[in-house]
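I opened this model to look up its side-chain pairs and one of its helices. My entries follow in the order I made them.

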Amino acid sequence: MPDSPNPAPRCSDATPPRRPVEGVLFDFHGTLAQVEDAVAWVLAAAASCGVELERARATALADRLVMAGRAGGPLPHRVPPHLADVWADRDLYEHCHRAAYTGLAATVGSDVDGLADALYDRLLSPDGWAPYADTAGTLRALRDAGVPVAVVSNVGFDIRPLFAAWGLADLVGAYALSYEVGRCKPDPAIFLRACGMIGVDPERALMVGDSPADAGAVRAGCAALVLPAGEAGAVNGLGASLALAGC
């Protein structure tokens, strides 16, 4: 039988060439670190207010606070009208971020004076977060391979002190934070700013995150790797970024 005039392409022929990765952008929450357990969060915040809660009470209170809206937790089911404006701008202005989350916490009665602010202050503390088990190793491997790294986050406070406290500050070259950049993911502008900060063309950058907002980096020309967020302290699959970067 004669050969077909239009043979089917082989897999190697159909596979597009692999894009070189010269820089990696990482999301923060849910990618490099996770907030502490909700009960531990409530117990620590109450203790800072001089109140020692029983664990059963702290558990019930934590459930209600998470439902109301916890920074680093699921989105609230309802935002009260009086908080609508600060909620909308929470990742663009520091004062709105604090006002939004302390306001949501204040909707949950606790009988602990100052708890709403203490809960928020816990968010600003390195103890209120846990880097994933593979975060340090992944960032270090990229640094050793000469691949620059930027952190791109929708956030209303400075996360640099957290990285410094964890001994990771020298592994991150730049931070594109929404409240400083004035743009939030998935706006391409924040990814473009991050690429500019580390001197990498977007077409040669990889964005690693855990949400559709992170995948918005493709609109800026970047490749994207979306990993489901793991539990605090777990291995979060970040080694996949090393393979894609050729490390």
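**Salt bridges**

I began with Asp170, which forms a salt bridge with Arg143, their closest N and O atoms being 3.7 Å apart; a salt bridge here is a side-chain nitrogen of Lys or Arg within 4 Å of a carboxyl oxygen of Asp or Glu. This pair links distant parts of the chain: Asp170 is in the loop between H8 and E5, and Arg143 is in helix H7 (residues 135-144), 27 residues apart. Helices (H or I, at least four residues) and strands (E, at least two) are DSSP runs, numbered from the N terminus.

I noted the sources: this is a predicted model, in which local features need pLDDT of at least 70 and side-chain atom pairs count only at pLDDT 80 or more, while totals for chains, interfaces and linings use all residues. Residues are numbered from 1 along each chain as its sequence is written, and side-chain values use heavy atoms, with hydrogens and water left out.

Are Asp170 and Arg143 exposed, partly exposed or buried? Asp170 counts as exposed at 55% relative accessibility, and Arg143 as partly exposed at 37%. The cut-offs are under 20% relative accessible area for buried and over 50% for exposed, with partly exposed in between (1.4 Å probe, protein chains only).

I then found that salt bridges with shared partners join Asp27, Lys185 and Asp214 into one network. The structure holds eleven salt bridges.

I looked up Glu36 next and found its side chain in a salt bridge with that of Arg122 (2.7 Å, N to O). Glu36 lies in the loop between E2 and helix H2 (38-48) and Arg122 in helix H6 (residues 115-123), so this pair ties together parts that are 86 residues apart in sequence. Glu36 counts as buried, at 10% relative accessibility.

Arg98 forms a salt bridge with Asp117, with 3.1 Å between the closest N and O atoms. I placed Arg98 in helix H5 (residues 94-106) and Asp117 in helix H6, 19 residues apart, a link between distant parts of the chain. Arg98 is partly exposed, with a relative accessible area of 28%, and Asp117 is also partly exposed, at 40%.

**Aromatic rings**

How many aromatic pairs does a search of the whole structure find? I count six. Rings of Phe, Tyr and Trp (its six-membered ring) pair if their centres lie within 6.5 Å; planes under 30 degrees apart count as stacked, over 60 as edge-to-face and the rest as tilted.

One of them is the tilted pair of Phe28 and Trp129, at 4.8 Å centre to centre and 45° between the planes. Why does this pair tie together parts that are 101 residues apart in sequence? Phe28 lies in the loop between strand E1 (23-26) and strand E2 (33-35), and Trp129 in strand E3 (residues 129-131), so the pair spans that separation.

Phe28 and Trp129 are both buried. Trp166 is in the loop between helix H8 (160-165) and strand E5 (174-177), 138 residues from Phe28. Phe28, Trp129, Phe163, Trp166 and Tyr175 form one aromatic cluster.

I also looked for charges over rings (NZ of Lys or CZ of Arg within 6 Å of the ring centre and within 35 degrees of the ring normal). The charged end of Arg70 sits over the ring of Trp41, 4.3 Å from its centre. That of Arg90 sits over the ring of Trp87, 3.8 Å from its centre.

**Helix H10**

In helix H10 (residues 188-198), I listed the buried residues as Pro188, Ile190, Phe191, Ala194, Cys195 and Ile198. They cover an arc of only 165° around the axis, which puts them on the same side of H10; the arc is that of the directions from the helix axis to the C-beta atoms. They pack against E1, strand E4 (149-153), E5, helix H9 (178-181), strand E6 (205-209) and helix H11 (212-215), where contact means heavy atoms within 4.5 Å.

Just after H10, Gly199 takes a positive phi of about 70°.
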